[in-house]
Amino acid sequence: MDIPTLRQMHPDHWMKACAIRALAMDAVQAANSGHPGMPMGMADVATVLFEKHLKFDAANPDWADRDRFILSAGHGSMLLYALLYLTGSPDMTIEEIRNFRQWGSKTAGHPEYGHASGIETTTGPLGQGIANAVGFAIAEESLRARFGRKLVDHRTWVIAGDGCLMEGISHEAIGLAGKQKLNRLIVLWDNNNISIDGPIGLSDVTDQRARFAAAGWTVLACDGHDPVDIDRAMTQAKKADRPVLIDCKTHIGFGSPKKQDTAAAHGSPLGPDEIAATKEIYGWPHGPFEVPQPILDAWRAIGRRGAAERTAWQDRLAALSAARRAEFERQLAGGAPRRLAATIRALKKQNSEARPKVATRKASEMVLEVVNPIMPETIGGSADLTGSNNTRTGDLGIFEPDNRKGRYIHYGIREHGMAAAMNGMALHGGVRPYGGTFLCFTDYARGAVRLSALMGVPVVYVMTHDSIGLGEDGPTHQPVEHLAMCRATPNTWTFRPADLIETAEAWELALTAERTPSILALSRQNLPTVRDRHSARNLSAQGAYVLREAEGRRRAILLATGSEVEIALKAREILQGEGIGTRVVSMPCMELFAAQPEAYRRRILPAGPVRVAVEAAVRQPWDRWLLGERGREARAGFVGMEGFGASAPAPRLYQEFGITAEAVAARVRELL
């Protein structure tokens with residue numbers, strides 16, 4: 001539908017949509033940076049969505065049973081910011097719009113979760129939003145199964161662009177959504193055929209409709225500038241029994257006389273002259289950031305449209321028993337149950353006495369066996385490695401279309417899609433997601449793992465087979481640099497527990513975290529219990545602690561994590577036998593140790609003794625503890641990996657790569 005016809009047939013709709021377009025053009029021009037073309041092209045679709053279909057109350061943007069709106073095409077952020085301002089969301093003022101992309105503003109270049117209510121997730125890396133949305137839809141299904149339709153009955157709407165669908169993560173996401181028949185997930189594809197380099201045909205010939213249909217989606221189409229046709233497609237989508245893709249055919253930079261349908265409208269300001277010419281075509285004779293009061297009033301009425309429905313929902317919530325309401329609110333807020341700490345303490349005490357020799361991946365399963373029954377909000381899963389990751393406990397049941405009360409998801413070989421979906425579940429609320437793969441395959445999940453940290457969502461990554469100790473699968477599966485990569489990521493807790501006791505403590509910390517994701521690096525090989533004295537206190541919460549003190553004058557400190565703590569203890573026996581007083585420090589989480597007061601760190605790592613760290617990984621993250629914190633290069637050493645691993649049984653690998661108690665003891669002697 002062309003602009004003259006739109007203006008004539010749908011004048012009220014046209015002016016509301018033009019308010020979005022004008023604000024997008026003005027904000028990008030003022031910032032001299034941004035993407036005006038996408039908001040200009042999708043303004044009609046967004047107007048119909050917010051006016052007629054999206055369940056929301058702008059005055060209460062965090063209402064639990066609202067529809068979720070996710071802008072996967074995050075470069076078009078001004079579309080979202082304009083919608084929030086126009087509908088009256090309390091965090092989004094015209095001043096924020098004026099300060100688009102400026103220091104301290106809520107209107108970042110790409111939508112940032114936590115900056116303003118109504119921004120459901122951080123998008124920008126293309127494809128992440130649509131993959132998050134799968135997690136949002138899973139969380140909605142799970143909560144509805146647990147608490148009923150009267151409390152949980154909403155949809156997830158996504159605007160995705162050509163770039164989102166070209167990214168590989170989209171294939172993982174749509175395959176998972178199709179398998180799960182997530183019929184409350186509706187993706188609005190901004191089919192404008194333009195990317196930064198130019199027409200999509202430069203790089204892609206994919207039939208996207210056929211791809212989604214092949215993945216089990218319902219596929220619809222509409223003229224993305226015809227409000228009647230858009231409304232028809234959205235109405236039909238809400239009746240589907242599976243996830244829906246609506247192909248919205250649009251013009252990028254709609255109305256721009258020189259830049260419509262070109263890459264020039266994609267990622268740079270239109271320029272003052274082009275904006276003036278475009279506004280004249282629109283019939284919008286208003287200055288920058290000016291929205292006439294009648295049009296703003298119409299938008300604010302749209303923002304109030306869901307108030308009555310929200311009030312009715314609050315009444316239904318209030319009618320619940322106090323216990324039921326408290327449990328719903330606890331799960332939604334993400335707080336751990338009171339029984340968690342006592343449950344973990346009991347497990348620690350039992351196993352400090354029993355002293356089992358188990359792989360920490362098995363220890364993790366043993367923790368989950370006591371945690372999952374008292375935390376009905378946990379949803380576990382694995383990227384097709386259930387038997388290796390030990391992430392499924394017997395009480396969970398399988399989450400699938402016929403059993404939404406199931407709490408275990410078979411993600412398939414989709415590490416990246418799994419991680420992004422877990423981000424969406426955590427953002428939705430009411431779910432504590434954890435999922436497993438091999439530590440080496442954090443590479444495949446990296447984009448979403450980084451966003452967990454950036455957004456501050458407490459997803460738990462169960463990363464097993466954490467070193468050359470996995471053995472025969474060889475260097476393709478043996479992580480050496482991955483611990484360093486995880487530890488280099490801000491706002492991430494990387495746990496590498498030495499035994500079942502530390503594993504239980506790591507899980508307790510991960511499940512009570514509020515704004516930090518956790519990575520549990522767990523062994524394939526069996527490890528002895530090294531914490532054989534019960535402590536009610538969570539020692540891992542300090543990041544590092546003295547596991548064995550030196551006998552006699554302390555001349556050496558050995559630092560280790562995970563499977564190498566056992567090696568450090570054996571090295572200590574050798575050194576103590578030679579009269580060299582040796583302390584062993586277990587360091588299950590470097591990030592938590594770094595956060596401790598300096599006085600505590602000084603007690604653990606005093607000046608004077610030589611220091612040797614041992615870990616079956618590269619040295620990179622260890623120098624802070626070896627050379628810093630009162631250490632000296634001349635009295636510090638590292639025993640670990642300098643290159644990639646090899647295919648052989650684990651004991652042979654440790655011997656060949658020199659990660660042994662004898663090698664650690666020898667290094668101490670050299671430094672002394």
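This is a short tour of a predicted model, one selection at a time.

**Stop 1**

Next, select residues 610-614. They make up strand 17, which pairs with strand 18 in the parallel sense over 4 bridges. R611 stands opposite A636, which belongs to strand 18. Strands of a sheet pair through backbone hydrogen bonds, either parallel or antiparallel.

**Stop 1: an enclosed strand**

Select residues 244-249, which form strand 7. Of its 6 residues, 5 are buried, so strand 7 is largely enclosed by the rest of the structure.

Which residue is the bridge partner of N191 in strand 7? That partner is K249.

**Stop 2: aromatic rings**

The structure holds 15 aromatic pairs. Begin with F50 and F69. Their rings are edge-to-face, with centres 5.3 Å apart and 85° between the planes. F50 is in helix 3 (residues 37-53) and F69 is in strand 1 (residues 68-71), so to speak of sequence, they are 19 residues apart. Are these two residues buried or exposed? Both F50 and F69 are buried.

Move on to Y81 and F100. This pair is edge-to-face too, at 6.2 Å centre to centre and 65° between the planes. Y81 lies in helix 4 (residues 77-87), while F100 lies in the loop between helix 5 (94-98) and helix 6 (128-147). The pair therefore ties together parts that are 19 residues apart in sequence. Y81 and F100 are both buried.

Now select W63, F147, W313 and F328 together. They form one aromatic cluster.

**Stop 3: charges over rings**

Select R21 and Y282. The charged end of R21 sits over the ring of Y282, 5.9 Å from the ring centre. Then try R300 and Y85. R300 lies over the face of Y85, 5.2 Å from the centre of the ring.

**Stop 4: salt bridges**

There are 41 salt bridges in the whole structure. Select R66 and E120. Their closest N and O atoms are 2.8 Å apart. R66 is in the loop between helix 3 and strand 1, and E120 is in the loop between helix 5 and helix 6. The two are 54 residues apart, and the pair links distant parts of the chain. R66 and E120 are both buried.

Go next to K362 and E365. Their salt bridge has its closest N and O atoms 2.8 Å apart. Both residues are in helix 16 (residues 360-371), 3 residues apart, so about one helical turn separates them. How do their surroundings compare? E365 has 12% relative accessibility, so E365 counts as buried. K362 has 33%, so K362 counts as partly exposed.

Now select R496 and E615. Their side chains meet in a salt bridge at 4.0 Å, N to O. R496 is in the loop between strand 12 (493-495) and helix 21 (500-512). E615 is in the loop between strand 17 and helix 25 (623-626), 119 residues from R496. R496 is buried, with a relative accessible area of 1%. E615 is buried as well, at 0%.

Finish with a group. Select E140, E141, R144, R149, D153, R184 and R404. Salt bridges link these residues in a network.

Methods. Residues numbered from 1 in each chain as written. Predicted model: local features only at pLDDT ≥ 70, side-chain atom pairs only at ≥ 80, totals over all residues. Heavy atoms only, no water. Pairing = 2+ DSSP bridges. Phe/Tyr/Trp six-rings, centres within 6.5 Å; stacked < 30°, edge-to-face > 60°. Buried < 20%, exposed > 50% of the residue type's maximum accessible area, 1.4 Å probe, protein only. Lys NZ or Arg CZ within 6 Å of the ring centre and 35° of its normal.
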